[in-house]
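Morning, everyone. I'd like to walk through one model, from the overall fold to a few side chains. Please have it open in your viewer.

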Amino acid sequence: MEKLDHLSIMLNRRTTGKKYENFVINSIYTKLSNPDLIPITQQYVKNINYSAGNKKKYYLLDLYFPQLRYGIEVDESHHLVEENRISDSIRAEDILSSIQCEQGRIAIYNKNGTIKTYDDVNDQINKQVKYINNFTA
């Protein structure tokens with residue numbers, strides 16, 4: 001698949017209907033100083049820890065850079081619920097076990113349930129971009 005086709009699919013079609021995720025992913029990719037990085041959105045990760053006690057067979061990483069083994073999760077409102085935050089922690093451990101992938105997170109909402117400002121989200125994006133660029137420097 002040609003790079004233009006791949007990027008068009010990764011940066012649009014797979015995040016349709018996920019407006020904050022789409023914004024974050026596109027912002028990150030646009031700001032990266034390495035155009036050779038290949039972004040994958042909604043990366044399928046088979047859970048090697050799947051069992052009767054851990055019933056999640058697979059996970060989808062919001063954004064993944066396979067060359068770096070680095071993924072980013074965009075935390076929207078459902079991540080505010082305590083039960084889901086616990087699940088997020090287990091999920092991160094399962095993904096690390098399954099594909100040796102480190103993960104960053106970008107929170108869209110404040111802990112009180114209000115949406116963060118553009119500047120707050122953009123600051124998080126810039127930190128992730130700086131971290132990724134340090135990988136490739």
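Start with one cut-off: a residue counts as buried when its relative accessible area is under 20%, and as exposed when that area is over 50%, with partly exposed in between. Keep in mind that this is a predicted model.

Now the overall picture. The protein chain holds 4 helices and 4 strands. Read from the N terminus, their order is α-α-β-β-β-α-β-α. Of the 137 residues, 41% are buried. The surface comes to about 8,100 Å², and carbon and sulfur atoms supply 53% of that. Next, contacts with a separation of 6 or more: 63% of them join residues 24 or more positions apart.

On to the inside. The largest nonpolar core has 21 residues. Inside it, the most contacts belong to V24, I28, L32, F65, I106 and I132. Helix 2, strand 2, strand 3 and helix 4 each give two or more residues to this core. Another core, of 6 residues, lies apart from it, and includes V45, Y59, Y64 and C101.

A reminder on spacing: an α-helix has 3.6 residues a turn, so residues three or four places apart point the same way.

Last, the rings. The whole structure has 6 aromatic pairs. One of them is Y70 with F135, a tilted pair, 5.7 Å centre to centre and 50 degrees between the planes. Y70 sits in strand 3 and F135 in helix 4, 65 residues apart. Which of these two is buried, and which is partly exposed? Y70 is buried, because its relative accessibility is 3%. F135 is partly exposed, because its relative accessible area is 35%. Ring pairs also bring in Y131, which joins Y70 and F135 in a cluster.

The charged end of K56 sits over the ring of Y58, 6.0 Å from its centre.

That's the tour. Over to you.

Methods. Residues are numbered from 1 along each chain as its sequence is written. This is a predicted model: local features need pLDDT of at least 70, side-chain atom pairs count only at pLDDT 80 or more; totals for chains, interfaces and linings use all residues. Side-chain values use heavy atoms; hydrogens and water are left out. A nonpolar core is a set of buried Ala, Val, Leu, Ile, Met, Phe, Trp, Tyr and Cys residues joined through side-chain atoms within 4.5 Å. Buried means under 20% relative accessible area, exposed over 50%, partly exposed in between (1.4 Å probe, protein chains only). Contact means heavy atoms within 4.5 Å. Accessible areas come from the Shrake-Rupley method with a 1.4 Å probe; for residues, only the protein chains shown count as cover. Rings of Phe, Tyr and Trp (its six-membered ring) pair if their centres lie within 6.5 Å; planes under 30 degrees apart count as stacked, over 60 as edge-to-face and the rest as tilted. A charge sits over a ring if NZ of Lys or CZ of Arg is within 6 Å of the ring centre and within 35 degrees of the ring normal.
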